[in-house]
Amino acid sequence: MMKKLMLAVVGGMFFSGLNVLQAQQENLTVPEFDWVATAAGKLHDKVRCICTDLQGNIFLTGEFTGTTTFGTHVLESAGGMDFFVAKVDPNGKFLWVKSGGGDKIDRGYGVCADQQGNCYVTGHYQSAEATFDGRKISNQGDYDIFIAKYDPKDRKSTRLNSSHIPLSRMPSSA
């Protein structure tokens, strides 16, 4: 069975399928969709963050496993769960999709755009070596963080930084 991710833009607001179902169950007026875009694969696909730029383009980040299709763009994970970042135009067409990762769990958690339309994405990677647009980064421990910048014109990662920040558990209160 193929799982699908659904994104809808209604009057400038974002809705997921679950929010619309809940609104219907509570007898609330459900706005009409301007458009719906989907991404689908047979395994795990999830959006974790969404933002827009000044031109109305939409950026998504999250993770996928296996093969996932975003409009006409097909991504294949590097072995485990990989991060993705996608750009969708104001009419719901996927303009480009990029991925990064390796053989373990690698996720995108945050995305934003600046006034020039550059896209910045951050997340973590567990793979010993993860690849982003042909650039390899090495892991220093369990989960390391990354930040990448994607240029709106050539869609390449123009900057990639990674860092190992050890995370410790908060002491429990007695």
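Start by selecting F84: in this predicted model, F84 is buried, at 2% relative accessible area.

Show both rings. By the pair rule used here, the count is seven aromatic pairs. In the case of F70 and F84, the ring centres are 4.9 Å apart and the planes meet at 50 degrees, so this pair is tilted. Colour by strand and you will see that the pair links distant parts of the chain, with F70 in β5 (residues 58-70) and F84 in β6 (residues 73-88), 14 residues apart.

For another group of rings, select F59, W96 and Y150, which ring pairs link into a cluster.

Next stop, the nonpolar cores. The largest has 15 residues, and those touching the most other members are F83, V85, V111, V121, F132, F146 and Y150. Strands β6, β9 (119-125), β10 (129-132) and β12 (144-150) each supply at least two residues of this core.

Finally, centre on R107, in strand β8 (residues 106-113). Is R107 buried or exposed? R107 counts as buried, because its relative accessibility is 17% and the cut-off is under 20%. Display side chains here: R107 makes a polar contact with the side chain of E63 at 3.5 Å, and another, of 3.4 Å, joins the side chains of R107 and Y109. Leaving aside residues up to four places away in sequence, R107 touches R48, G62, E63, M81, F83, G123, H124 and F146.

Notes:
Residues numbered from 1 in each chain as written. Predicted model: local features only at pLDDT ≥ 70, side-chain atom pairs only at ≥ 80, totals over all residues. Heavy atoms only, no water. Phe/Tyr/Trp six-rings, centres within 6.5 Å; stacked < 30°, edge-to-face > 60°. Helix = DSSP H or I, 4+ residues; strand = E, 2+ residues; numbered from the N terminus. Buried < 20%, exposed > 50% of the residue type's maximum accessible area, 1.4 Å probe, protein only. Core = buried A, V, L, I, M, F, W, Y, C linked by side-chain atoms within 4.5 Å. Polar contact = N/O pair within 3.5 Å; in protein donor to acceptor, adjacent residues only side chain to side chain. Contact = heavy atoms within 4.5 Å.
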